[in-house]
Amino acid sequence: AFALQSFLHEMSVAAGRDHLSFLLDLLGESRWLVDGNRNALHTGRAAAVLKLAADKGGWGRRLPKGRGLGLAFYFSHAGHVAEVAEVSVDARKRIRVHKVTVAADVGPVINLSGAEAQCQGSVVDGLSAMAAQRLTHVRGRVVETNFDRYPLLRMSAAPSVDVHFVASDFAPTGLGEPALPPLAPAICNAVFAATGQRIRSLPIAEEGYSIV
């Protein structure tokens, strides 16, 4: 998700296109990529969550210098999820994630509060992973043996997470994981919008960035 959605953003920037419009054109007409297969991407569902995330996240509005919006979509575990991240970046490469807007189509939602919590947890988990989590090995043994070396996101750095679901008649699908993959590209695309600097590897700590 990070490689694909980051590269698509680079393409839209190179083409001088609005990223939402670029992605919608790329998806084309509404269709299953494999007809009737719930484990295949449905372009209409992808377009719907992109539009919903953009609408609820205020896509296209003007922001002050040093602040930017990023958009990303991914299809995983049969779930279609798009996210808009709003971030600010200071001169010391410290990133503040102010808000993440999540839009998902996973079929009918029975337990709304549980579904929202799944998406909120995925955002926090994704932030932890993209920020500084990595495993290194010396002589076949993992060096990071506890959470002092494998840092989790602190409460003070957690963003506001706004979750929305498409009212869908498609068969219900997974929600434990699908909201995590779009998070890193959405944030890194927002960093580019704010600074003009492109992040191309994870965790972002390796490029001198931190989440605060």
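Predicted model: local features only at pLDDT ≥ 70, side-chain atom pairs only at ≥ 80, totals over all residues.

I'll go through the helices, the strands, the cores and then the cysteines.

Residues are numbered from 1 along each chain as its sequence is written, and side-chain values use heavy atoms, with hydrogens and water left out.

Let's start with helix α1, residues 2-14. Helices here are DSSP runs of H or I with at least four residues, strands are runs of E with at least two, and both are numbered from the N terminus. From first C-alpha to last, the 13 residues of α1 reach 18 Å, close to the 18 Å expected at 1.5 Å a residue; that expected span is 1.5 Å times one less than the number of residues.

Which residues of α1 are buried? They are Phe2, Gln5, Ser6, Leu8, His9 and Ser12. By buried I mean under 20% relative accessible area; exposed is over 50%, and partly exposed is in between, with a 1.4 Å probe and protein chains only. Look down the axis of α1 and its buried residues fall within an arc of 160°, so they line one face of the helix. The arc is taken from the directions from the helix axis to the C-beta atoms. Turned away from that buried side, you find the exposed residues Ala3 and Ala14. The cover over the buried residues of α1 includes α2 (19-27), β1 (67-76) and α5, where contact means heavy atoms within 4.5 Å. Just after α1 comes glycine 16, with a positive phi of about 70°.

Now over to α5. This helix also gets a span close to expectation: 13 residues, 18 Å from first C-alpha to last, against 18 Å expected at 1.5 Å a residue. Why call α5 largely enclosed by the rest of the structure? Because 10 of its 13 residues are buried. Among them are Leu183, Pro185, Ile187, Asn189 and Val191. Covering the buried residues of α5 are, among others, α1, α2, β1, β2, β3 and α4. After α5 you reach glycine 196, whose phi is positive, near 80°.

Okay, strands. β2 and β3 run antiparallel, joined by 10 bridges; to count as paired, two strands need at least two bridges found by DSSP. Glutamate 83 has valine 102 in β3 as its bridge partner. The hairpin of β2 and β3 has four residues between the strands, and there lysine 93 takes a positive phi near 65°.

β3 has parallel neighbours too. With β6, the parallel pairing runs over six bridges, and threonine 101 has aspartate 162 in β6 as its bridge partner. With β7, residues 210-211, there are two bridges, again parallel, and isoleucine 95 stands opposite isoleucine 211 there.

While we're on β7, have a look at serine 210, which sits in that strand. Serine 210 counts as partly exposed, at 29% relative accessibility. Setting aside residues up to four places away in sequence, serine 210 touches Lys93, Arg94 and Ile95.

So, what about the inside? A nonpolar core here is a set of buried Ala, Val, Leu, Ile, Met, Phe, Trp, Tyr and Cys residues joined through side-chain atoms within 4.5 Å. The largest one has 37 residues, and Val87, Ile95, Val102, Leu127, Ile187 and Ile211 touch the most other members. Two or more residues come from each of β2 (79-89), β3 (94-105), α4 (112-131), β6 (160-165) and α5 (183-195). The largest share, eight residues, comes from α5. Apart from this core lies another, of 20 residues, including Leu8, Phe75, Ala82 and Ala103.
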